[in-house]
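Q: Could you walk me through this structure? I have a few questions as we go.

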Amino acid sequence: MHGWSILLLLLIILFCGYKFLARNENIKRRIFAKFWLSGISKQTDRSLYRCKKELMKRVELEGDLLEVGSGDGINLKYYLDYSDRVHSLTCIEPNKAFSDTANLNASFPIHNFNGTFSDFLASSEKKVSKFNVIILCLILCSIEDPTEVLNECHQLLAPGGRLLVLEHVRDQESSLTVLLQYMINPLWKIIGDNCCLTTQPYLYIRSLRWTKFSE
């Protein structure tokens, strides 16, 4: 078999594999969980440590908290800093490959919900109906309709409640980085459980009429 024929065969196999994975949510989620837990979660958290600490200080965590897309529970340690003011923490995570967020040192109850945000909204098992703070950390990038989710978060906020959003964004339009982001985005969406490298979530937030936007 000639070299070009082998290359063509490999490309066909890769394409078929890509299409199969792109349509299989369960496999994508297992791949992402293994990838995230391999050390990427801790590396990402270390790089965002100061940013997270500053954001949570500015938001003043208190009352009932809701984290949408809690993953492996990496953010729990930040909430523990406010144990004297936090009443409860509800964690929504659709990826069953991640274990429930739990910590024996937490002085407040932790409610885990294994399902999508839509499942949570429709559930009759919610322990808390309104939240003082809702946290979206690196999650809007993987949501098909961010505006809908943000508006639904608004419905869950208690009067005077706050929405904390921490996201990555697309690089500058004229940079080489943004070109690379577009090139690897199709493969990355499989590895990253639908995470989109070219998203600009702050545009969705700014378009909302009910938010007081603060960067």
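**A chat about loops and cores**

Q: Where does Ser142 lie?
A: This is a predicted model, and in it Ser142 lies in the loop between β4 (131-137) and α5 (146-156).

Q: What is Ser142 in contact with, leaving aside its neighbours within four places in sequence?
A: With those neighbours left aside, Ser142 is in contact with Asp193, Asn194 and Cys195. Ser142 and Asn194 are 52 residues apart in sequence, yet from C-alpha to C-alpha they are 4.8 Å apart in space.

Q: Changing topic, how many residues has the largest nonpolar core?
A: The largest nonpolar core has 20 residues, and Leu89, Phe108 and Ile135 are among those with the most contacts inside it.

Q: Which elements give two or more residues to this core?
A: Those elements are α2 (25-59), α3 (76-80), β2 (86-92), β4 and β5 (157-166), and α2 gives the most, with four residues.

Q: What does Leu89 touch?
A: Not counting residues up to four places away in sequence, Leu89 touches several residues, including Leu65, Tyr79, Phe108 and Ile110.

Q: What about a second core?
A: A second, separate core has 19 residues, and these include Val68, Ile134, Val149 and Leu157.

How values were computed
Residues numbered from 1 in each chain as written. Predicted model: local features only at pLDDT ≥ 70, side-chain atom pairs only at ≥ 80, totals over all residues. Heavy atoms only, no water. Contact = heavy atoms within 4.5 Å. Core = buried A, V, L, I, M, F, W, Y, C linked by side-chain atoms within 4.5 Å. Buried < 20%, exposed > 50% of the residue type's maximum accessible area, 1.4 Å probe, protein only.
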